Each structure stands twice: as structure tokens, then as C-alpha cells.
Amino acid sequence: SPVVVAIDGPSGSGKSTVSRAVASRLGLSFLDTGAMYRAMTWWMLTNGVDVDDPEAVAIACAKPVVVSGTDAAGPTITVDGQDVSGPIRGPEVTAKVSAVAAVPAVRARLVELQRGCAAHAARGIVAEGRDMGSVVFPDATVKVFLTASEQARSERRAAELRAKGLDEATITAMAADLARRDAADSSRETAPLTRAADAELVDTSELTLDQVIGTITALVED
Ligand code: ADP
Ligand code: CDP
């Protein structure tokens with residue numbers, strides 16, 4: 001049966017980069033579920049939904065059509081047919097995505113899409129997020145919980161934003177936001193960020209990307 005590799009962890013632990021590389025190496029599909037929560041948040045902000053009102057978010061979340069392309073060589077994300085891969089990484093969405101992701105109706109809708117992506121993956125899928133091993137794919141072939149020190153994670157995120165050409169004030173604000181978002185993601189009632197009992201813990205603080213990719217590839221091939 002098709003392989004499902006579930007990768008979870010806090011922001012900046014390396015989930016997206018590592019998952020995509022492992023999927024490429026093994027010829028599997030790739031799914032960035034954070035991008036789906038970001039796309040939903042982008043649509044709400046763009047359409048005037050009060051994202052701090054969980055009831056308004058719960059009603060609105062039925063409307064947008066979120067589609068994730070799962071090719072590891074070039075993942076895509078659209079909302080109502082529009083490419084939103086750029087705007088979903090901006091500070092406005094980043095500041096509000098945890099609030100939107102805490103609403104159970106949003107999660108129910110996106111979890112269904114995520115399972116659909118896995119069901120349609122020809123050879124299997126590497127899916128990354130916060131609740132892949134705990135909720136979405138409890139029977140995953142391999143589960144990994146990626147962590148890194150808060151300092152390593154915020155330094156990586158800052159370096160990435162600097163390379164993108166963002167100004168220092170925005171970078172500092174987004175780095176500060178990382179700790180707040182992780183606390184919110186870990187303490188919410190529905191599907192909080194937690195390591196599943198059967199997930200392999202990999203601390204990436206002192207590892208290179210190649211080392212992490214090699215470790216996880218080996219777990220899948222085992
Ligand atoms: P996440 O998806 O968990 O938020 P990313 O994959 O986006 O994390 O990684 C955040 C940044 O840190 C990226 O710029 C990535 O290249 C870098 N990075 C990830 N893992 C490592 C590592 N082990 N060593 C050095 N840099 C890393
Ligand atoms: O890239 P980064 O780690 O900063 O975040 P992301 O993976 O793009 O996820 C953005 C946000 O979506 C997280 O902070 C969570 O609030 C939410 N999320 C979630 O609740 N469940 C998931 N499976 C994935 C993301």
C-alpha cells in the first residue's frame with residue numbers, strides 16, 4: 001500500500017525543506033498543510049472576515065476552494081483558482097494563521113482535503129504540518145517529530161526572510177511572532193502540536209539539512 005510519511009514540528013524546525021527533499025528523493029508526492037491553513041487565512045483577510053471571531057471564521061470557511069498541487073518538484077497552492085503562493089508567506093497572514101487554524105470547522109474541512117491528496121498520490125506522500133501523525137494520518141508508515149532550539153529556529157527564519165529581501169523591522173517582528181505562534185499552536189484545544197507517541201524525535205539544532213534529509217530517508221527505506 002502507498003507510503004505515508006507524517007512530519008510534524010514547530011515553525012522553523014525544517015519541515016517544509018526536509019519533507020520536500022525526502023519526497024523528491026523517494027519519488028513521493030509532497031503536501032505542505034501549513035500552506036492550506038495560510039491560504040484559508042489569506043482568503044478570510046482578503047474578503048473582510050473578522051478572523052478573531054471564531055464563529056465568523058467557522059461559517060466563512062466553507063466558501064473558498066483551496067487546491068494544493070503535490071508535485072515535490074514544484075508545489076502549488078491556489079484559492080478559487082488564484083495562485084496565492086506569494087501572499088500566504090507575508091506578515092499579515094503569518095500573524096493571523098494560528099487563530100484561523102484553531103477553529104474546528106476549518107480543521108475539519110482541510111483535514112478532509114489532506115486525506116484526499118494522500119488517497120490520490122500514486123506512490124505515496126510526505127505530508128508536513130502540526131497534526132499529521134496525531135490526527136490526519138494516525139496509521140502513517142513513518143512519523144517524525146522535528147524540533148530545534150527556539151534560537152536556531154528563529155535564526156533560520158530570519159535568514160530566510162533576509163534572503164527574500166524583507167526589511168529588518170519586518171524580520172524582527174516575524175521572528176518574535178514565531179514563539180507566540182508555537183505557543184498558540186501547542187495550547188489550542190483541537191489538534192494541538194504534540195509529538196505522537198510513535199513519532200521519531202529528531203532535533204535538528206546541530207544537524208545540517210543533508211543530515212536531516214538522510215536520517216528521514218533512511219527511516220522510510222527501512
Ligand atoms: P518549517 O517548515 O518547519 O517552518 P523550513 O523547512 O521552512 O521549516 O525551514 C526554515 C529555514 O531553515 C529554511 O530557510 C531552511 O533552509 C532552514 N533550515 C531548515 N533545516 C535546517 C538545518 N538543519 N540546518 C540549517 N538550516 C535549516
Ligand atoms: O512555515 P511555518 O512553520 O512558519 O508555518 P506553516 O507550516 O506554514 O503553518 C502555518 C500555521 O498553520 C501554523 O502556525 C499553524 O497554526 C497552522 N497549521 C496547523 O494548525 N496544522 C497544520 N497541520 C499545519 C499548519
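The chain has 222 residues and a radius of gyration of 16 Å, which agrees with the value near 17 Å that a compact globule would have. The radius is taken over C-alpha atoms, and the globule rule is 2.2 Å times the number of residues to the power 0.38. This is a predicted model, in which local features need pLDDT of at least 70 and side-chain atom pairs count only at pLDDT 80 or more, while totals for chains, interfaces and linings use all residues. Residues are numbered from 1 along each chain as its sequence is written, and chains are lettered from A and ligands numbered from 1 in the order in which they are written.

Taken along the principal axes, the C-alpha atoms of the chain fill a box of roughly 50 × 40 × 30 Å. Of the 222 residues, 41% count as buried. A residue is buried if 20 or more other C-beta atoms lie within 10 Å of its own, exposed if 12 or fewer, and partly exposed in between, with C-beta atoms placed from the backbone. Among contacts between residues at least 6 apart in sequence, 77% join residues at least 24 apart; two residues are in contact if their C-beta atoms, placed from the backbone, lie within 7 Å.

The chain holds nine helices and eight strands. These are DSSP runs numbered from the N terminus: helices are H or I with at least four residues, strands E with at least two.

Helix α5 covers residues 104–120. At 1.5 Å a residue, its 17 residues should span 24 Å, and its end C-alpha atoms are 25 Å apart, which agrees; the expected span is 1.5 Å times one less than the number of residues. V106, R107, L110, Q114 and A118 of α5 are buried. Seen down the helix axis, the buried residues of α5 fall within an arc of 95°, so they line one face of the helix. The arc is that of the directions from the helix axis to the C-beta atoms. On the other side of α5, the exposed residues are A108, E112, G116, A119 and H120. A119 counts as exposed because 9 other C-beta atoms lie within 10 Å. The C-alpha atom of A119 is separated by 29 Å from that of D210, which is 91 residues away along the chain.

Two ligands come next. There are 16 residues around ligand 1, of which G14, K15, S16, T17 and R156 come nearest. A residue is near a molecule or strand if its C-beta atom, placed from the backbone, lies within 6 Å of it. Helices α1 (15–26), α7 (150–163) and α9 (209–221) are the elements that give two or more residues to this shell. The shell around ligand 1 has three nonpolar, nine polar and four charged residues. Here Ala, Val, Leu, Ile, Met, Phe, Trp, Tyr, Cys and Pro count as nonpolar, Asp, Glu, Lys and Arg as charged, and the others, Gly among them, as polar.

Ligand 2 has 15 residues around it, and S11, G34, Y37, A101 and G129 come nearest. At least two residues each are supplied by α2 (33–46), α4 (91–101) and α8 (168–187). The most come from α2, which gives five. By class, the shell around ligand 2 has four nonpolar, six polar and five charged residues.

Two loop residues remain. D80, in the loop between β4 (76–79) and β5 (82–83), has a phi near 50°, a positive value in a residue other than glycine. D80 is exposed, with 12 other C-beta atoms within 10 Å. A191, in the loop between α8 and β8 (200–203), has a positive phi of about 50° although it is not a glycine. With 18 C-beta neighbours inside 10 Å, A191 counts as partly exposed.
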